[in-house]
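Please keep the sequence and the structure at hand while reading.

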Amino acid sequence: MAENDVLYVLTTPEFFTEGPCGRVGHAIGFMAGVVASGKGLTLLSGPGAEDFMDEPETVRFRRIRRGGFWWPRLLVSVMREVPRHRVVVVRWRPILPFLLWPLLLLNRRFWFEVNSLTGLDSANPLARVLVRLSVWLTTRFFNLITVSEASMDRIRGLSKPCRTTHVMPNGFQPRWLAEFEPRSVPDVAPSLVYFGRKQPYYDWEMLYNSARQLIDEGVIAGVELFGFEEPSPDSSIKAHGEFDPGSLVRDLSAIPNPILIVHSSGSDMARATSPVKLFEYAALALPVVASCSMRRQASRLPAFRFYGAGCEQQFSNAVRDIASDYPLALQQAEESRRIALDHYTWHAVVRAWLSVAL
């Protein structure tokens, strides 16, 4: 293993100290993927990353002390580390291309990881202009990573990239998913299952309306929601609150004939979302009903039935299709599991990027 393969730079002082969230999960997954690929990794960031890592000893830490001189200390450390590494990855912020472009003289394998175009939709016209200028500078001189094709398309709509681009979706850690075995019970109506946060870009009203009709018709037994609590709109629609991987596997194992759902809306935010949930769903080897806003991300997964975003009738028809032959849907889901484990774990998605970057 080379000691100085990848330098990963996170420029938010509180990146790891505000608790677990999507950005932390992404960063930890990316680092785990680099290490699993046999490459040496240096993390340049504020404190706290080791609290989220299973094996922190596999990463070389360069911690920047928080405080009034954060930016000067960070820039000096970046200048010191950039020429020592084969490739550099920096999480993008609008100010960074203006500050870091001179470092291209020290290392041309410099990538910006663009997870969102912060400030592009600001009410301040000056902020919007500066963000557009930052995007132009980024696409002109730096290599680009995004988490979805939709995000890359948005960047291309602002400025055509001149250097290498790569879409690296959020991967997943397969360990806890491997413990799950679907429970198929003949002559029992399936249940719809969702796990995750209650995201605003999911179509909850459509789900509840469709579910009540399907319950009344006897097509499904109910809906099980994991990840949040709220008053139930129906006695057969249950929100179970927060979960951890172990408890979720136990609860899923107790549900006969589960059908997973991804009921995202047709919004730009929904289409640009990284599809980690899709891959976790696929790895469970269960049939899935998903909005067509996810079709681009999940096109390789045969267990998915797609419906028009927001359309109750199409959603219900997709559920009926699975419920009519649940054993066949489970067979198709096995192929989805294989594809997810082969191509969409953190190890797999980072390995694919490393083959381009190094």
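The model is a predicted one, and a search of the whole structure finds 17 salt bridges. The points below take up some of these pairs, and then the nonpolar cores.

**Salt bridge between Arg175 and Asp54**

- The closest N and O atoms of Arg175 and Asp54 are 3.0 Å apart, and the two residues form a salt bridge.
- Arg175 belongs to the loop between strand E7 (165-167) and strand E8 (191-195), whereas Asp54 belongs to the loop between E2 and E3, so the pair ties together parts that are 121 residues apart in sequence.

**Salt bridge between Glu50 and Arg63**

- Glu50 and Arg63 form a salt bridge in which the closest N and O atoms are 3.4 Å apart.
- Because Glu50 sits in the loop between strand E2 (41-45) and strand E3 (60-63), while Arg63 is part of strand E3, this pair ties together parts that are 13 residues apart in sequence.
- Glu50 is partly exposed, with a relative accessible area of 27%, and Arg63 also counts as partly exposed, at 46% relative accessibility.

**Salt bridge between Lys198 and Glu230**

- The side chains of Lys198 and Glu230 meet in a salt bridge, with an N to O distance of 2.4 Å.
- Lys198 is found in the loop between E8 and helix H6 (204-217), and Glu230 in the loop between strand E9 (222-226) and strand E10 (237-239), so the pair ties together parts that are 32 residues apart in sequence.
- Lys198 counts as partly exposed at 36% relative accessibility, as does Glu230 at 24%.

**A network of charged residues**

- Salt bridges link Arg60, Arg62, Glu81 and Arg84 in a network.

**Nonpolar cores**

- In soluble globular proteins, nonpolar side chains tend to be buried together.
- The largest nonpolar core in this model has 86 residues, and those with the most contacts inside it are Phe16, Phe315 and Trp353.

Note on methods. Residues numbered from 1 in each chain as written. Predicted model: local features only at pLDDT ≥ 70, side-chain atom pairs only at ≥ 80, totals over all residues. Heavy atoms only, no water. Core = buried A, V, L, I, M, F, W, Y, C linked by side-chain atoms within 4.5 Å. Buried < 20%, exposed > 50% of the residue type's maximum accessible area, 1.4 Å probe, protein only. Salt bridge = Lys/Arg side-chain N within 4 Å of Asp/Glu carboxyl O. Helix = DSSP H or I, 4+ residues; strand = E, 2+ residues; numbered from the N terminus.
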